[in-house]
Amino acid sequence: MAEAEESPGDPGTASPRPLMRDLKAVGKKFMHVLYPRKSNTLLRDWDLWGPLILCVTLALMLQRDSADSEKDGGPQFAEVFVIVWFGAVTITLNSKLLGGNISFFQSLCVLGYCILPLTVAMLICRLVLLAGPGPINFMVRLFVVIVMFAWSIVASTAFLADSQPPNRRALAVYPVFLFYFVISWMILTFTPQ
Amino acid sequence: MAAADELTFHEFEEATNLLAETPDAATTSRSDQPTSQGHVAVAVGSGDSYGAEDEVEEESDKAALLQEKQHQQQQPGFWTFSYYQSFFDVDTSQVLDRIKGSLLPRPGHNFVRHYLRNRPDLYGPFWICATLAFVLAVTGNLTLVLAQRRDPSIHYSPQFHKGKQAGRPNAWQGPGGQGVTVLALPPVTVAGISIYCYAWLVPLALWGFLRWRKGVRERVGPYTFLETVCVYGYSLFVFIPMVVLWLIPVPWLQWLFGALALGLSAAGLVFTLWPVVREDTRLVAAALLSTVVLLHALLAMGCKLYFFQSLPPEHVAPPHQAASLPTNIPLSPTLPRSMAPS
């Protein structure tokens with residue numbers, strides 16, 4: 001499981017893991033999500049740093065300016081957090097109850113990492129919104145969100161589907177679809193006031 | 001000699017037939033039905049009266065009893081994970097089958113006996129309720145957006161947080177500029193809570209009532225709690241396409257779709273409950289069925305009125321309101337709905 005990056009004189013178990021190694025592990029998993037292949041990296045070396053970073057980024061971007069609090073209509077930071085983590089836990093429980101052989105944290109890890117395309121969509125949407133309103137603006141955002149939503153689904157299905165018996169795959173994948181749909185809806189309907 | 005050979009060969013065939021029947025017998029006799037039914041079913045399979053046949057029957061009876069005992073002993077305690085896993089023991093095809101069964105209720109087909117077959121699941125009710133809650137919130141929001149596109153003078157400022165607007169009229173300003181009080185809960189929460197409460201509390205009440213009446217009647221046993229929850233959960237499925245179709249802003253069409261969906265859903269419930277209720281007195285049966293249908297209708301109406309309030313077709317916008325409109329269409333995932341003037 002450990003990558004061979006320890007310095008020769010390092011005892012290995014006593015010293016704390018260097019930050020760069022953790023960041024590299026997170027980055028490697030990002031790459032695996034962006035180019036989903038049948039690989040076990042996300043499952044074997046699960047970690048929750050990546051999902052945390054993504055969730056915080058998404059929650060920050062989904063906040064509106066709190067200058068005019070009366071017009072504040074977007075989800076607050078805590079709400080996005082709750083939706084993402086509560087949704088991920090529910091899907092994981094569902095997957096395990098259906099008889100999947102994936103562990104709790106592995107599933108959380110996969111679901112969290114596969115929010116990456118939607119976070120990218122959020123970034124793009126915010127940039128596009130800077131250009132000003134209009135129907136073209138909306139169509140571009142709609143297109144981007146749809147593409148990223150499909151990407152998220154494909155990425156997470158590639159990792160999760162194998163852990164379910166074949167006659168229940170659709171039952172395990174449908175809640176994932178619902179989860180990313182809700183997040184995509186929040187991204188699409190975001191408008192800074 | 002030939003007769004004896006014939007006898008033994010026959011015996012073997014009968015034995016395999018009877019043993020093949022026992023799995024079904026074990027399944028159907030697992031719950032309320034008396035075990036003798038299972039044995040009767042097995043015995044009927046053989047029409048002969050050879051002495052050897054009786055021995056084979058006894059063996060298969062014993063096999064059935066043993067299987068049943070094993071099955072019952074395998075029920076784990078409610079504190080274990082596998083206890084809850086037994087409620088999710090369904091395949092995709094079974095779930096789809098049950099959904100189809102709820103969409104097309106037929107008078108002869110009891111949902112519980114025909115589709116559930118003593119294996120109720122919690123997957124269907126839970127995820128159908130979740131889907132319905134999200135679809136309600138999303139389409140309710142979409143309706144408002146589409147209405148605003150048609151009539152830009154409708155001004156709203158979306159509000160998400162509880163209690164932030166205490167004392168300040170907001171969210172839905174009427175045409176004359178008057179403010180109305182705000183329900184400060186986000187629609188997703190309201191939808192989720194109301195649908196889950198309906199899908200769990202009403203079956204609980206129904207089950208409790210039927211059990212109480214069972215003590216009076218002592219005939220056909222009522223359904224288990226999970227089976228009742230299952231029936232209600234799957235009957236809510238037809239509301240999902242109904243809610244999506246409510247996006248079409250034609251009022252009479254919306255009422256038509258609502259009536260259709262309510263009819264299908266309530267029919268499914270009534271056909272399922274009828275065999276249990278018909279042995280009771282007329283009054284109780286009629287009262288129970290009409291209460292069930294009424295509650296279902298209330299749910300549908302509540303969804304319609306809360307999330308899809310009919311907007312005023314035309315009104316005059318005061319000039320200061322028109323000037324304060326945002327130039328792009330403000331979309332928000334959650335909008336509180338107030339008791340708007342409609």
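In what order do the elements of chain A run from the N terminus on? They run α-α-α-α-α-α-α-α, and the secondary structure of chain A accordingly comes to 8 helices and 0 strands, where helices (H or I, at least four residues) and strands (E, at least two) are DSSP runs numbered from the N terminus.

Before I go on, a word on conventions. This is a predicted model, in which local features need pLDDT of at least 70 and side-chain atom pairs count only at pLDDT 80 or more, while totals for chains, interfaces and linings use all residues. Residues are numbered from 1 along each chain as its sequence is written, chains are lettered from A and ligands numbered from 1 in the order in which they are written, and side-chain values use heavy atoms, with hydrogens and water left out.

Let me stay with chain A for a moment. Of its 193 residues, 48% count as buried, buried being under 20% relative accessible area, exposed over 50%, and partly exposed in between, with a 1.4 Å probe and protein chains only. The chain exposes about 9300 Å², of which carbon and sulfur atoms supply 71%, the areas coming from the Shrake-Rupley method with a 1.4 Å probe. If we take the contacts (heavy atoms within 4.5 Å) in chain A with a separation of 6 or more, residues 24 or more positions apart account for 73% of them.

Now to the charged side chains. Counting a salt bridge as a side-chain nitrogen of Lys or Arg within 4 Å of a carboxyl oxygen of Asp or Glu, the total over all chains comes to 5. One of them pairs R168(A) with D89(B), at 2.7 Å from N to O. R168(A) lies in the loop between α7 (135-160) and α8 (169-188) of chain A, and D89(B) in the loop between α4 (81-85) and α5 (92-103) of chain B, so this pair joins two chains. R168(A) is buried, with a relative accessible area of 12%, whereas D89(B), at 36%, is partly exposed.

R168(A) also meets D91(B) in a salt bridge, at 3.2 Å from N to O, and this pair too crosses between chains, D91(B) sitting in the loop between α4 and α5 of chain B.

What does D89(B) form with R119(B)? The two form a salt bridge, their closest N and O atoms being 3.2 Å apart, and it links distant parts of the chain, since R119(B) lies in the loop between α6 (111-116) and α7 (123-150) of chain B, 30 residues from D89(B). R119(B) counts as partly exposed, at 37% relative accessibility. Through shared partners, these salt bridges join R168(A), D89(B), D91(B) and R119(B) into one network.
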